[in-house]
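Hi everyone, thanks for coming. Please have a look at the sequence and the structure on the screen, and I'll talk you through them.

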Amino acid sequence: MAVLGDVIFWVLALLAVASGVMVFRFDSMARATYALLTSLLCVGGEVLLLGLDYLGVVIVLMMTIEMAIMAVFMVMYMMNPAGLMPMTMVHNTKGAAVICGAVFAVLAAGILLAPWPSRRGRPSHDPTMDLGLSLMGPQMLTMMTLGLTLFATIVATVVLATRRGRYDRFGDDLRSRTADDPVRGGMSR
Amino acid sequence: MSDAAPLWTTVILPVALALAAVVTAGFDAVLSGSAERGPAGSVREAGLRAVAPLREALRLLVQQPRRTTAADRLLGRLGVVLVPVAAVLAGAVLPWGLRSVSDPSVGIVWFNAMEALAWAAVWLVGWGPNSALSLIGGYRFLAQGLAYELPHMFAITTAALGAESLRVGDVVAAQDGLWFVVWMPVAFLVYLLSALAMAFWGPFGHPLSGDAAGGAAAELAGVDRLVFLGGRWLLLVVTAGFSVPLFLGGGHGPLLPGWAWTVIKTAGVLALLVAARRALPVLRMERYMEVAWMVLVPLTLLQALVVAVVVLNR
């Protein structure tokens, strides 16, 4: 089983890196987005290999939803019409190559030079639980506050960014019974 | 309680799901036939109507695939194949009786993740042929997903909460006495709605509807069309089938063995969905979106709250 685990690890790792490279080689926004999704799904598989079942499957779930939505935005924001024409994902190629090389060298050096601790004791029965406790256990209050703050920020940003506010919808004195919407919703308000 | 089934079930699963899909499509064809052309005069005629989907499948097998200019064939094909593959992978955690092909500790999240794959696949199918109408269909399904996915997640979370486990086997075991549908009726109804929406079928068939010349499937012909539309039936069967372990007690029932109860209950849910399709109009997504977020999300949250309080006081 250990050999099988190694094989799966390397296949997923190579696939993740290869599709990560393809994100910058494809000339179509849709392909680039779905290459990124492939890469992230492989990462989800690696997390599953670590025995973190919940986190692995949640990565698959969240990343699929996220990339499907992101494809829409990527296509929308491309300079050429609807992102349907060939495009390139890279610019400033020389500078980017230098930065990437330097970052890779630093990270690789860090991996090789760091004094990794050897395993003490036995693997946990429920690694997901332990990971959650060690990440958030003592800081649960901070995390909950952070979650609320992030959510409030999202709502506030959408409210600020939306083109039509409640005065556009319900009139200057907010007394209009039915909202003046370009597209009617299903609640017949 | 439910241990992993032997290896051969892995081979049986896609066959069984496909068989269920063919039967469901046949039942739908019989109902459609009697609605459009009057009731079948004889048993033979009813039988002919029931095998109409199979005949259509054979016709598609020999039909010439359609090629479009500057199509993204890689992504299009990927999307077409992903729909049935995601359906079968989601079906891997379906318990037949009290055992499933695989019963991982996070089976419910796995099921949800595979549905999300199918959701992304439909956009790929719409994108692939480089055709405006099919792209519109793909975008419609993305919008549909934003509408149904949140209430759906809260509904299945409620069932997991009631069993205090994300393992499908544990959810079934927790319904030994009382089915979840009895004390989680809102979650069950929302689940049925989102099962239809996920299979983009019936009242939620807008991504493939006629006003966009077939939407996401507009440019599909031949084997591509067969795989995609067959995958949609598979999705419907799997999502309807998953309501049985989540809310209808899985394989629990008197006298008959577990697998028989699973089949009976799944058939019942499918028959309900196929029959109810005729009573419901096709929904535009901006309408369902508002209903989903303003009514269904609060309702499912309240349902989850009630279940959470019950579980805490148990």
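This is a predicted model: local features need pLDDT of at least 70, side-chain atom pairs count only at pLDDT 80 or more; totals for chains, interfaces and linings use all residues.

Residues are numbered from 1 along each chain as its sequence is written, while chains are lettered from A and ligands numbered from 1 in the order in which they are written.

So, chain A. How many helices and strands are there in chain A? There are seven helices and zero strands. By helix I mean a DSSP run of H or I with at least four residues, and by strand a run of E with at least two, both numbered from the N terminus. Reading along the sequence, the pattern is α-α-α-α-α-α-α.

Now the overall shape. The C-alpha trace of chain A spans about 70 × 45 × 30 Å along its principal axes.

How much of chain A is buried? Buried residues are 18% of its 189 residues. The rule is that a residue is buried if 20 or more other C-beta atoms lie within 10 Å of its own, exposed if 12 or fewer, and partly exposed in between, with C-beta atoms placed from the backbone.

At 1.5 Å a residue, its 22 residues should span 32 Å, and its end C-alpha atoms are 31 Å apart, which agrees. The expected span here is 1.5 Å times one less than the number of residues. Is α6(A) buried or in the open? The number of buried residues among its 22 is zero, so α6(A) lies largely in the open.

Compare that with one residue in helix α2 of chain A, L37(A). L37(A) counts as buried because it has 22 C-beta neighbours inside 10 Å. Leaving aside neighbours within four places in sequence, L37(A) is in contact with M63(A), T64(A) and M67(A). Contact means that the C-beta atoms of two residues, placed from the backbone, lie within 7 Å.

One more stop in this chain: L174(A), in the segment after α7 (166–170) of chain A. L174(A) is not a glycine, yet it has a positive phi of about 60°. Most residues other than glycine have a negative phi. L174(A) counts as exposed, because it has 9 C-beta neighbours inside 10 Å.

Next, where the chains meet. Here 20 residues of chain A are in contact with 23 residues of chain B. On the chain A side, α2 (29–49) and α3 (53–77) each supply at least two residues. Which helix gives the most? That is α3(A), with twelve residues.

Finally, chain B. Helix α1 of chain B, residues 8–37, has 30 residues and reaches 43 Å from first C-alpha to last, close to the 44 Å expected. Its buried residues, among them L13(B), L17(B) and D28(B), pack against α2 (43–50), α3 (52–62), α4 (73–91), α10 and α11 of chain B. Just after α1(B), G38(B) takes a positive phi of about 85°.

Where does α4(B) bend? The bend is about 30°, at L82(B), and a proline, P84(B), follows within four residues. A bend is the angle between axes fitted to the seven residues ending at a residue and the seven starting there. Both L82(B) and P84(B) are among the buried residues of α4(B). The buried residues of α4(B) pack against α2 of chain A, together with α1, α5 (107–127) and α10 of chain B.

Last one: L255(B) sits in the loop between α10 (222–247) and α11 (258–277) of chain B. L255(B) has a positive phi of about 65°, although it is not a glycine. With 6 other C-beta atoms within 10 Å, L255(B) is exposed.
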